[in-house]
Amino acid sequence: MKLKRNIAISENGFLFNPETGDSFLLNPIAREIVNFLKEGNDVADVKQLLFDRYEVDLVTLEKNLEDFLEMLQHNELLDR
Amino acid sequence: MSFFLKENNSIPNQMEKLEYERPIINKVNAGMPDKFGMSTRVPVMSHIEEVAIKDIMDQYGSPLYVISEPCIRNTYRQAQKAFASRYPRVQFAWSYKTNYLNAVCKIFHSEGAWAEVVSGFEYSKAVENGISGDQIIFNGPEKSKADLERAINDGAMVHLDSLDEFYFLGELAQNLNKKAKVALRINLDAGIYPQWDRFGFNLENGEAWHVLTRVMLHDYMELLGLHTHMGTYITAVSAYAIAAKKMADLAIRLFRKFNHSVKYLDLGGGFASKNTLKGAYLPGSDTCPSFDDYAEALTSALLASELPPERLPLLILECGRALVDDAGFILGRVLANKRLVDGRRATVIDVGVNMLFTSFWYEHDVLPTRLKSEQTENTTIYGPLCMNIDVIREAVQFPLLQRGDAVVIPRIGAYNMTQWMQFIKLRPPVLLIDEDRKVHLIRKQETYEQFNAMETIPEHLKT
Ligand SMILES: Cc1ncc(COP(=O)(O)O)c(C=O)c1O
């Protein structure tokens, strides 16, 4: 699961896909996830990093992370 | 993808963890601000009349209805003041069908409202709530023999809806050898669409005048008043001015011909509440006229008419939704979050159209009781029923709630606690917050046993 390479993300959560011209707004935790993915972490790493940092139970985190990755996929931001 | 946590990778000493919110990504549609051109800040409602919603739900569960007694009283007093400060003789009659929970009716009655009923069932409730016959207005197309006999004996105001009813009532009154107190329900053109011409008698085509003449000549009827109720959620105050003028003119015409002064003009209800109609461009809270606006239009027309100042008829109003919508709340919880095929977010809550009938015509607000951030996602909110019609809100910017989080739907006091359906689920309990902020259970959660006790199984189907 990899983010498309040329995707740009700003510090305040603004994401731009030059391939399609689409722009997106991300909340802080979503921005973090995208950055983790950009740095080459795999999904299990990302999940561990978030679990360590946030006050959340594992089931909720897994549900939400899976849903978020699906949305990245849906918006054509991932390389399969 | 793998969803197993790697062991031995966690931070050694437990630092204070950050508050969690689920990750979201929202596509930006450049050049497309939302329809009001303002930012979507999510309002939060954590308390109702200073009582914490969390405490209420901890004690009574979910879903629930909550009614605010202070809100009912304030609203009623505003309405009363708006009219009484402009016209000397004003009387509200509480529209039972709008909310006939006894506690609610009794609040209105304690503020001075009479009862406006449209069935024998509602009539019985009014009597039980301490209203005497001469303060009951009996409207509606269906009144049974027993209903009408009771109304005649009690001296209730029977508002005639059809010629058939006129004959029927006349016969019953004659048999009882009593005069029935009647008014005529009149439908008229006040410039609003649709014109409710199915109730009562039409003014413009002469039907109303024709029947009025017959009532006047009837030995067992006494004409007390004239009534119209033009429709509901009428935002054009001018319609009330037109209707008031036409009703006043009719009363004057009656006086000229029969030397008979009607005791009252009943202009019905129909004032809008602050809810937003589906498809409306602006929120109802911005477009809804105030009681003062309605009162100004209506009473100006009456005072400008040729009604003699020393014999002004009583002005009766039968407002329903405008008096009680704001006082009602539904509390519920998130059951699930889902993703629809097109990527939209769907949130399922435990409040369905079975208990929120008005979601078919209003865009109800669904509010969080606490917020972790201002983040929202375009969301469709579904009820819990396994039915496609069970949609509470379509495509709203909604905060990132999780399963179990509480939601509040405000402004649901009108028609939901009467048009509620025993469909798939039993009806939830209703609470009242009184003026001392004490919480009372005013209608219990329905039980399986009660419901099943209504049914009988034929012998051949037993075993
Ligand atoms: C005869 C009559 N009066 C009053 C009302 C109350 O109407 P609203 O809630 O629009 O004020 C109704 C409701 O339909 C009605 O039929």
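Predicted model: local features only at pLDDT ≥ 70, side-chain atom pairs only at ≥ 80, totals over all residues.

**Exercise 1. The ligand**

How far is an oxygen atom of the ligand from a polar backbone atom of Gly270(B)? Then describe the surroundings of the ligand.

*Solution.* Residues are numbered from 1 along each chain as its sequence is written, chains are lettered from A and ligands numbered from 1 in the order in which they are written, and side-chain values use heavy atoms, with hydrogens and water left out.

Step 1. The distance to the backbone atom of Gly270(B) is 2.8 Å. That makes a polar contact (a pair of N or O atoms within 3.5 Å; within protein, one must be able to donate a hydrogen and the other to accept it, and residues adjacent in sequence count only if both atoms are side-chain atoms).

Step 2. Look for other partners. A polar backbone atom of Arg321(B) is 2.8 Å from a ligand oxygen, and Lys97(B) brings a polar side-chain atom to 2.8 Å from an oxygen of the ligand.

Step 3. Check the cover. On its own the ligand exposes 400 Å², and the protein buries 93% of that. Areas here come from the Shrake-Rupley method with a 1.4 Å probe; for residues, only the protein chains shown count as cover.

**Exercise 2. A helix and what follows**

What span should helix H6 of chain B have, and what is the distance between its end C-alpha atoms?

*Solution.* Step 1. Helices (H or I, at least four residues) and strands (E, at least two) are DSSP runs, numbered from the N terminus. The expected span is 1.5 Å times one less than the number of residues.

Step 1. H6(B) has 14 residues, 163-176, so it should span 20 Å; its end C-alpha atoms are 20 Å apart, which agrees.

Step 2. Now find the inward-facing part. Glu165(B), Phe166(B), Leu169(B), Gly170(B), Leu172(B) and Ala173(B) are buried, where buried means under 20% relative accessible area, exposed over 50% and partly exposed in between (1.4 Å probe, protein chains only). Their cover includes helices H5 (145-154) and H7 (207-217) and strands E9 (157-160), E10 (180-187) and E12 (221-227) of chain B.

Step 3. Step off the end. Just after H6(B), Asn177(B) takes a positive phi of about 55°, although this residue is not a glycine. Asn177(B) belongs to the loop between H6 and E10 and is exposed, at 58% relative accessible area.

**Exercise 3. An enclosed helix in chain A**

Why is helix H2 of chain A described as largely enclosed?

*Solution.* Step 1. Count the buried residues: eight of the eleven in H2(A), residues 43-53, so the rest of the structure largely encloses this helix.

Step 1. Name them: Val43(A), Ala44(A), Asp45(A), Val46(A), Lys47(A), Gln48(A), Leu50(A) and Asp52(A).

Step 2. Find their neighbours. They pack against helix H1 (28-38), strand E5 (54-55) and H3 of chain A, with contact meaning heavy atoms within 4.5 Å.

**Exercise 4. Loops of chain B**

*Solution.* Step 1. Ser62(B) and Pro63(B) are joined by a cis peptide bond with omega about -5°. Pro63(B) sits in the loop between helix H1 (53-60) and strand E5 (64-68) of chain B.

Step 1. The bond from Tyr193(B) to Pro194(B) is also cis, with omega near -5°. Pro194(B) lies in the loop between E10 and strand E11 (201-202).

Step 2. The side chain of His260(B) reaches the backbone oxygen of Leu223(B) at 2.8 Å. His260(B) is found in the loop between helix H8 (237-258) and strand E13 (264-266) of chain B.
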